Amino acid sequence: MNTLNLQIPDSYHTAVQNISVKDNISINQFIISAIAEKIAAFETRDYLEARAEKGSRKDFMAVLNKVPAIPPAEQDR
């Protein structure tokens, strides 16, 4: 494990303290969780961008054109 010194605005610190007390977790746990969520968001974005680069608009339209032109079912309206 590494140690990281952070300087954050007082309002953020107060908010983190309040949430930590309310959720019965430490400030350290809260910050680690927040970092993990942000990392997951960036990794998801990168994954989706890589997948999108492999896509083909022509192939997508070919599949989409196979969908029949009928009104949606009542429960889908």
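**Exposure and overall form of a predicted chain**

Leu-4 counts as exposed because its relative accessibility is 63%; exposed means over 50% relative accessible area, buried under 20%, and partly exposed in between, with a 1.4 Å probe and protein chains only. The model is predicted, so that local features need pLDDT of at least 70 and side-chain atom pairs count only at pLDDT 80 or more, whereas totals for chains, interfaces and linings use all residues. Residues are numbered from 1 along each chain as its sequence is written, and side-chain values use heavy atoms, with hydrogens and water left out.

Leu-4 lies in the segment before α1 (10-23). Together with Leu-6, Ile-8 and Tyr-12, Leu-4 makes a nonpolar surface patch of about 450 Å². Such a patch joins nonpolar side chains (Val, Leu, Ile, Met, Phe, Trp, Tyr) within 5 Å, from residues with over 30% relative accessible area and no salt bridge, a salt bridge being a side-chain nitrogen of Lys or Arg within 4 Å of a carboxyl oxygen of Asp or Glu. Accessible areas come from the Shrake-Rupley method with a 1.4 Å probe, and for residues only the protein chains shown count as cover.

The chain contains three helices and zero strands; helices (H or I, at least four residues) and strands (E, at least two) are DSSP runs, numbered from the N terminus. The radius of gyration, taken over C-alpha atoms, is 23 Å, while a compact globule of 77 residues would have a value near 11 Å by the rule of 2.2 Å times the number of residues to the power 0.38. Of the 77 residues, 3% count as buried.

How values were computed: Patches are made of residues with over 30% relative accessible area and no salt bridge: like charges are joined within 9 Å, nonpolar side chains (Val, Leu, Ile, Met, Phe, Trp, Tyr) within 5 Å.
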